[in-house]
Amino acid sequence: MLCSRQSHCIYKILTCKTAHIFISVRVCVFILSAAPAVFYPFGLAAGDTEHVETGGESYYSVGLSTPFKFFGRTYNQIYVNYNGLLTFNVPSTSGPYSPTRGAEDFIAALWNDFDDDYSGVFSYQQYTNGSVLTRATQDINQYFSQVNINAAWVFVVTWRYALQPDPAILFQVVLISGSGQSYFLMNYGDCAVLYGQLEAGYDTINSTSYFVIPDSTNGNYQNLKNTSNVNVPGRWAFNAWAAPAIFYLFGSAAGDTEYSLTSDEGYVPVSFSIPYTFFGNTYNSLYVHFNGLLTFNQPQPASGPNYNPTRGAEDFIAALWSDLDDYYSCFFSYQQYTNGSVLTRATHDINQYFPQMNFTASWVFVVTWKYGPQQNPAILFQVVLISGGNLSFFLMNYGDFAVIYEQTEAGYDTINSIYHFVIPDSNNSNYQNLKNTTNVNVPGRWAFIAGNESVTTTPTTTFPSVNTTTTTAQPWTAPAVFYPFGLAAGDTEHVETGGESYYSVGLLTPFKFFGRTYNQIYVNYNGLLTFNVPSTSGPYSPTRGAEDFIAALWNDFDDYFNGVFSYQQYTNGSVLTRATQDINQYFSQVNINAAWVFVVTWRYALQPNPAILFQVVLISGSGQSYFLMNYGDCAVLYGQLEAGYDTINSISHFVIPDSTNGNYQNLKNTTNVNVPGRWAFNAWAAPAIFYLFGSAAGDTEYSLTSDEGYVPVSFSIPYTFFGHTYNILYVHFNGLLTFNQPQPASGPNYNPTRGAEDFIAALWSDLDDYYSCFFSYQQYTNGSVLTRATQDINQYFPQMNFTASWVFVVTWKYGPQQNPAILLQVVLISGGNLSFFLMNYGDLAVIYEQTEAGYDTINSIYHFVIPDSNNSNYQNLKNTTNVNVPGRWAFIAGNGSVTTTTTTTVSTTTTAQPWTAPAIFYPFGSAARDAERLISGDEAYESVALSTPYTFFGRTYNSLYVHYNGLITFNQPQPASGPYYYVTRGAEDFIAPLWSDLDDMGWMGKYWYQQYTSGSVLTRATQDINWYFPQMNFTASWVFVVTWDFVATSDVNSFIHHSAQAITFQGVLISGGNLSFFLIHYGDCAIIYDQVEAGYDTINSIHHFVIPGSNVGYSLPNLKNTSNVNVPGRWAFMGGSENVVGLQMRLQSFSDLTKKEDIETVLQQIKQELVNRELSSSVEMKLRKIKKTQP
C-alpha cells in the first residue's frame, strides 16, 4: 500500500494484473505544494485571518496596529478587497485603471474581477516582532542599500484563487515600516488565465505618485512571476515615502537645482528672474542657507536662531532655523517658475486663502530642505515665494520632524523687526507638531502676504523710511458660554471637505442618549452629531426615522462657506469641574459629578474670525447624561436649517424655536437655562423596550410614604393569572405586584414560596430603605398602547393570533427622578381568553438586600425565577431576555385551557415534571447561557460570526447560518423551506441535522446556540472525538452547539415540560489544530408528514451523506436509536482536513514486487505518471502493504 498524508488519507484499492502475478496495492498521495520562496508565510498555518471570496467588490476593513505612511498620507486602517486591491482611504475602487487621477490611494496587487471566474480566499496578518520582521529588515536593506531600516511592523496579505488542489493564482503584498520609513513588496506566483481588464502597481490621490508593472497590462500577466525591479524573480519592491500633498513638487524629478551640505552654516545665493517684494523691500536675489533660513539683503552667519524679533538688519524667512547641519546630512533644492501648472496651483492657493485679492501668479520660487536619508527624509519643509502684479505672498509647508538638538524657530522677520511673526510651537518642544498647525485651515501650511500696493518699495538692501502709526486689533475670543476649543485647547481638528462628510470618534466612556448607550459618535461637517449611523439628510426633525442625533445647527454649510470642526474628550481637569457646576446649576434637583466631557465645535467662514460658530458639549457622570448646545455669531445661511435633537422613531425630540423660523441669527440670544446662547438638555430616557410612563404619559403617580407601602388598583377589565381571575392588584413600593392579597414582607421569600400569594416580582427587594421611590401606573382599553401590545405578543407568541383589549403598565423608579438609578416595569396584557405579561429592565444600581425577579402562584403550582435576579448579577438584567430582546422577559399567564376562578380561589393543578434532553446532548438552553431564539418565521435564518474559523471539507469559514428549518449552511443561506434531496450538486456547503419545513407545522419552537473556547464542553468534545477517531490524538479548541426544539403546543408550559409531541435535535461543530468534526444528536422525533432529511452535503456534492431512515417522515421516531458510533442517537463525522488526492491505476509488472528494489522502481514510475498528469513533483509515496494474490 502506498500512503502518506497531511492530516488523514483517502485510500483506494488498486488491483493490477500481470502475466505472472496479481497484486493489490493501496495508494495514497501526499501533495507538498509550496509557494515560491519570495513569499512571506501565509494562510492558517501561519496564523493568518482568512476570508473566503464572496464578491469582486467585497472588502474587509483592517485596523492597523501601527500607522502606515503611504506617499505622504498616514493611515490607521486599510481595506483588503477580494479583487486583488488594497485601498487606504476608501473601500474598493473600480476602474478606470491607473493612473486614475481620482481620490484613492491604493496598491493593485493584481486588480481583476476574479470572482467572476474563480473561487478564492485572502488572508492577512500583522507582525510587530519575530522572524518576519528580521526578514523584512534584510529585504529592504538589500534592495535599498542607501537606507538603514529596522522593520518594526509588517502587514502581509495574500490572495489565492482556484484552490484545486494548489492555487492557480497566487500573489501577495507586504507592507513594511520602521525607522520612520515605509516600503512595500509585491510577490507573484502562478497566474491562470484571467478575463477582463487587469493591472498591477499602485496609484495615489490625484495620481501624484503612481506606477504600473509593465507585464500586468499587456497580456503577459502570466509572466509576472519572472519579473522584478530588484533582481528577484516574482518580486517588486517600492519605497512608499512621498512628501505631504501640501508640498509643491521638488527634487530632481521636478527639475530642481540641488545642493548637498559642503560647509557648516553654508548658503547658496540665487538670482531671481523676476524681482520679489518682501514687506516693502524689493529684491533681485536671496540666500538659501543649509540651516533652514532664507535671507534677502545679506547672508546670516549665525548657525541657530537669534529669537525673532531680532531688531537687526536682515529681512528673512525662517522655514525652520536651527543648527540642523550638525546632526543630519542636508540637501536643499530650488526652482523658479514663470509659467505652467505650478503658477496655476499658486494662483489657486492664494485666492483660496486671500479671496479678496483676485490674484494671478506670474512668478513662483520653490525651495525645499531635506535632512537625513534622501529616500525618507527625517525632516522636511518648504518655502514657496509667489508674486504677481504688485502683490507678493509666501507659503511655508511642513512635513515630518525628527528630534532636533538645538534651538529652533519658524516665522519671518524684517529689518528693524517692523514686521515679524513666530509660528507657535516652532520655538518650544512642540516643533514636531508643525505639520499639524496652520493659519489657513490646511494642516502643515502657513500663508502670508508679503507685499502689496500700500507698501512703498525700495531698492535692494536699502532700509525703508518708516513713520507709521498702527492700531493693533484685539484678538477675537468666543463668547463666554463656549468651552475651550481649537488647536490651542489641544483639539483634534478637521477641515471641511463636504457637507455629507463625517469623522467617526470612539468614545473613551460610553454615552447614554435617550435610552441607548453608544461607544462612538459621528461628527458631521453639516453641524450634526449622529450616534447610530453617519450623517443623515432631511427631512428635518422629527424624522421618525432610524437615527439618534443632535443637530447643533444642521445646514449645508459647505455649499457656501469653508470651515473646520474640532473636538476633544476630557476625563479629568478643569473642564470636568466646569461641566459639573453647569449641570448642577441648570438641573438643581440632581447631583452629578462629571466624569467625562466631549466638546465639539464648528467654525465656518474664518476670515478673519468665524462668521458661524456653535458647539455641543456631551457630559456624563454619576450614571447620568446631559448635553449643552452653545451658539455664537451666525452669518446668513441658505437652504433648510434646524437645531435640536431627535431619536429613533422620534420617541424623544426637540427643535429649538428660532432655528427653523428665519430667526436663526438670534440663536446666540436664546436659551432654556437663562444663559444667552446656551441650551441644556437631560439625555436620559428609558430604554426603547419600555412602554410610555410617568406624568407625560398621563400615569397616576405615587412617591414613597411608608416603608413597605403599597397601593391597591382596581382593574377596568378582569385579568387572569395562571387560572385565577382578578379584579384588583396591589402595587408595592418594593417592586412587587400581588393579586390576591398584599405582601407584608419587605424583601423576597425566595421563589417558589409555596405560600398563598399569586404575584409578579418585577424586582423584589427592600429598595425603599436605600432609595427614594416613585411608581406610576395606567390602564388602557384603546389606542396605540394596545396596538403595540398586540404586536409584541404576536411577535413572541406567533401562533396565538392575538389582539390586545386591555393593558396595564406599572413602572418603578428609584433614585433621582430625572435619571433613575433603578428602573423596571411590568406590563399586563389581555385579550379574548388569553393573558400575558412583560417585564422590562433598565439600569440597576447597587442593591444592598436580597433580590429576586420572576413570578409565583398559590402553592407554587407555576413559578419562575429570572436567572441572575437572585445573585450578584442582577445589574445584568437589562441584557437578559427569553424573547431575544435585551431587557425584556415575556410570559403567557392564562389561556382558554385554564379554568378561571374568582379572586383568591385556588384551583387544584398537577405540576408536570420538567423535561430533560437525552444524556448524549451537550448542554443547551437558558441554563447553559445560550443565545435563544423563538422560531417565528418561515425560512428564516440567523448569521453567526464564528470566534474561530471552521473548516468544512476543505473550505474554511468565519461564519455560518442557523436556519429555523433545522439546517446549518456555511457559504450562503438556503432559501428552500424543505430539502432538495441529496445529492444536490449545488453551491452550498451544509449540515442538515434535520431538514424539513418544521416552522410551518404550527408547533411552538425554539433554537439555542453557543460557542465555547474553554471549559468542560471542550473537555467533553476532546474525549468524544478521540473515542470515535482514536488515531487522531485530537484536542478540541473550539465547539459550537446549536439545538432545535419543537413541541406540538401553543402553551408555554406545555412546551417547557414537553407534555405534547416533540422533535428535538442538536448539531455540535468541533475543531482543533487543523482538524474539524461534527456530531448530530437526536432526542424524541415525532412523525413529520413532509419531506425531511438528515446528513450533510458540500459544494458540487463532492462529499455527502444521508443518515439512513432520515428521509422518510414516518420513520423519524427511530432516529434516537440510530448511530454510526454505537451510541444511540449520535452520529459523528470528520468535517475537514488538508487536501489529499487519491489515485487509482492498473499496474503491469514482470518484476517480483516482493523485492524492495523492484517496488521502488514501480513507485518511481507511478510518481512520474502523477507528475505527467500535472501533479506537483513533490508527491511523496510510501509502501505500506503488498499482497501476492496469484502465482
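Which residue's side chain does a polar contact of 3.3 Å join to that of Thr87? The partner is Asn81, whose side chain lies within the limit for such a contact (a pair of N or O atoms within 3.5 Å; within protein, one must be able to donate a hydrogen and the other to accept it, and residues adjacent in sequence count only if both atoms are side-chain atoms). The structure is a predicted model, in which local features need pLDDT of at least 70 and side-chain atom pairs count only at pLDDT 80 or more, while totals for chains, interfaces and linings use all residues. Residues are numbered from 1 along each chain as its sequence is written, and side-chain values use heavy atoms, with hydrogens and water left out.

Thr87 belongs to strand 6 (residues 85–87); helices (H or I, at least four residues) and strands (E, at least two) are DSSP runs numbered from the N terminus. Thr87 counts as buried because its relative accessibility is 0% (buried means under 20% relative accessible area, exposed over 50%, partly exposed in between, with a 1.4 Å probe and protein chains only). Ser61, in strand 4 (residues 59–70), counts as partly exposed because its relative accessibility is 41%. The side chain of Ser61 also makes a polar contact, at 3.0 Å, with the side chain of Gln77. Not counting residues up to four places away in sequence, Ser61 touches Gln77, Ile78 and Tyr79 (contact means heavy atoms within 4.5 Å). Ser61 and Val80 are 19 residues apart in sequence, yet their C-alpha atoms are 6.4 Å apart in space.

Six strands form an open sheet in the order 3-8-9-10-11-14, with antiparallel pairing (two strands pair if DSSP finds at least two bridges between them). Its edges are strand 3 (49–52) and strand 14, each of which pairs on one side only. On average, neighbouring strands of this sheet are turned by 15° against each other, direction ignored (axes are lines fitted to C-alpha atoms, for helices over the stretch in contact, and angles run from 0 to 180 degrees between N-to-C directions).

Within the sheet, eight bridges connect strand 8 (residues 120–127) and strand 9 (residues 153–161) in the antiparallel sense, and Phe122 has Trp159 in strand 9 as its bridge partner. Strand 10 (residues 169–178) pairs with strand 11 over nine bridges, again antiparallel, and Val173 is partnered by Met186 of strand 11. Strand 11 (residues 181–191) is mostly covered, with ten of its eleven residues buried. Strand 11 also pairs with strand 14 (residues 235–239), antiparallel and over five bridges, where Leu185 has Ala237 as its bridge partner. In a regular strand the side chains alternate between the two faces of the sheet.

Two loop residues come next. Thr437 lies in the loop between strand 25 (420–422) and strand 26 (445–451), and it counts as buried because its relative accessibility is 7%. Its side chain makes a polar contact of 3.0 Å with the side chain of Trp446. Beyond four places in sequence, the residues that Thr437 touches include Ile423, Val442, Arg445 and Leu487. Ala594 lies in the loop between helix 3 (574–586) and strand 33 (596–604); at 11% relative accessibility, Ala594 counts as buried. Leaving aside neighbours within four places, Ala594 is in contact with Leu576, Ala579, Thr580, Ile619, Ser620 and Gly621.

Helix 4 (residues 784–796) has 13 residues and reaches 19 Å from its first C-alpha to its last, close to the 18 Å expected at 1.5 Å a residue (the expected span is 1.5 Å times one less than the number of residues). Its buried residues are Val785, Leu786, Ala789, Thr790, Asp792, Ile793 and Tyr796. Seen down the axis of helix 4, these residues fall within an arc of 165°, so they line one face of the helix (the arc is that of the directions from the helix axis to the C-beta atoms). Ser784 and Gln791, on the other side of helix 4, are exposed.

Finally, strand 56 (residues 1004–1012) is mostly covered, with eight of its nine residues buried. Strand 56 is joined by four bridges to strand 51 (residues 931–934), running antiparallel, and by nine bridges to strand 57 (residues 1038–1047), also antiparallel. Arg933 stands opposite Tyr1007 in strand 56, and Gly1005 has Phe1046 in strand 57 as its bridge partner.
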